[in-house]
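Here is a short report for someone meeting this structure for the first time. It starts at the ligand and then turns to the helices.

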Amino acid sequence: MNSRLPAIATNQAWPFRAGLMKQAIQIFKKPVDALEIGTWYGEGSTQIWLEHLMAGSTLTLVDPWKPYSSASDLSDAQYDYAGMDAQVLQAYLSTILSVCKFENNQPGKVAIDIIRGESERVLSRMRDDLFDFIYVDGDHKYESVKRNLIDAKRLAKKEFSLICGDDLERLPSPELLEIAHINRTRDYLRDPHNFHPGVMLAVHEAFGEVGMEEGFWWVFCKDGKFFCA
Ligand SMILES: C[S@@+](CC[C@H](N)C(=O)[O-])C[C@H]1O[C@@H](n2cnc3c(N)ncnc32)[C@H](O)[C@@H]1O
């Protein structure tokens, strides 16, 4: 860990997005099947879903809990990617503990499955039309997000579902898409860009237009059609 850099947050559901995330899960007034791609310590987004999912819901958590920074990420002097990669076992154990704690405190409320594996492989083995709610917050580099969104569209229940995700800080323009394409192996671009290039490019390619506030993005599926509202 690089002590000159800020510590990596164990809860990455940033306060300015948490309200939007609550609103997203609360649109469901019945038990649902929810999928989270990218759980980290289980202290952020996971807790929001657990707090607001109705009794009888299921929550599937998919994360490899393995180092995943690219060489270009590791050369970023302003973020401790190496320190993040070094915490994956702690993050995995924390998730197991917090899920057990939830199950002890609220027995039988939500059936939670923890799947330790790369989402690209894990999701490809799941059948179509499985989930009402899908949250995409795994590896933010282009190839991974692209694969996640192809699977999310297939796994989303076609009658009605919501796909949403983290870290779309800016809506695309031709200029930004060009920058995103050039930097698609990067996690994040700092000043003057300040956005996740892989998330922007992959979300744009998958859906065209999406809803976005404070970097939280969403799209609905109704009768097999994807749209934002
Ligand atoms: C930004 S963090 C998730 C933060 C979490 N949702 C929260 O609110 O605290 C990204 C997570 O994606 C995971 N990840 C990395 N590669 C992945 C992959 N191929 N599939 C799924 N998750 C992945 C990382 O291990 C990490 O836990």
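## Around the ligand

The ligand is surrounded by 22 residues, and the closest are Gln12, Gly38, Gly44, Ser119 and Gly138. A residue belongs here if its C-beta atom, placed from the backbone, lies within 6 Å of the molecule. Strand S2 (57-63) and helix H6 (119-124) are the elements that give two or more residues to this shell. Helices (H or I, at least four residues) and strands (E, at least two) are DSSP runs, numbered from the N terminus.

By class, the shell has eight nonpolar, nine polar and five charged residues. Ala, Val, Leu, Ile, Met, Phe, Trp, Tyr, Cys and Pro count as nonpolar; Asp, Glu, Lys and Arg count as charged; the others, Gly among them, count as polar.

## About the model

This is a predicted model: local features need pLDDT of at least 70, side-chain atom pairs count only at pLDDT 80 or more, and totals for chains, interfaces and linings use all residues. Residues are numbered from 1 along each chain as its sequence is written.

## Helix H7

H7 covers residues 142-155. At 1.5 Å a residue, its 14 residues should span 20 Å, and the end C-alpha atoms are 20 Å apart, which agrees. The expected span is 1.5 Å times one less than the number of residues.

The buried residues of H7 are Tyr142, Ser144, Val145, Asn148, Leu149, Asp151, Ala152 and Leu155. Buried means 20 or more other C-beta atoms within 10 Å of the residue's own; exposed means 12 or fewer, and partly exposed lies in between, with C-beta atoms placed from the backbone. These buried residues pack against strand S1 (33-37), H6, strand S4 (133-136), strand S5 (160-165) and H9. Contact means C-beta atoms, placed from the backbone, within 7 Å.

## H9 and its partners

The axes of H7 and H9 (residues 197-207) come within 8 Å and cross at roughly 35°. Axes are lines fitted to C-alpha atoms, for helices over the stretch in contact, and angles run from 0 to 180 degrees between N-to-C directions. The contact of H7 with H9 has nine nonpolar, one polar and three charged residues.

H8 (residues 174-182) also comes within 8 Å of H9, axis to axis, and the two cross at roughly 115°. Leu176, Leu177, Ile179, Ala180 and His181 in H8 meet Pro197, Met200, Leu201 and His204 in H9. This contact has seven nonpolar, two polar and no charged residues.

Asn194 sits in the loop between H8 and H9. Asn194 counts as exposed because it has 10 C-beta neighbours inside 10 Å. Leaving out residues up to four places away in sequence, Asn194 touches Glu169 and Leu189.

Notes:
Contact = placed C-beta atoms within 7 Å.
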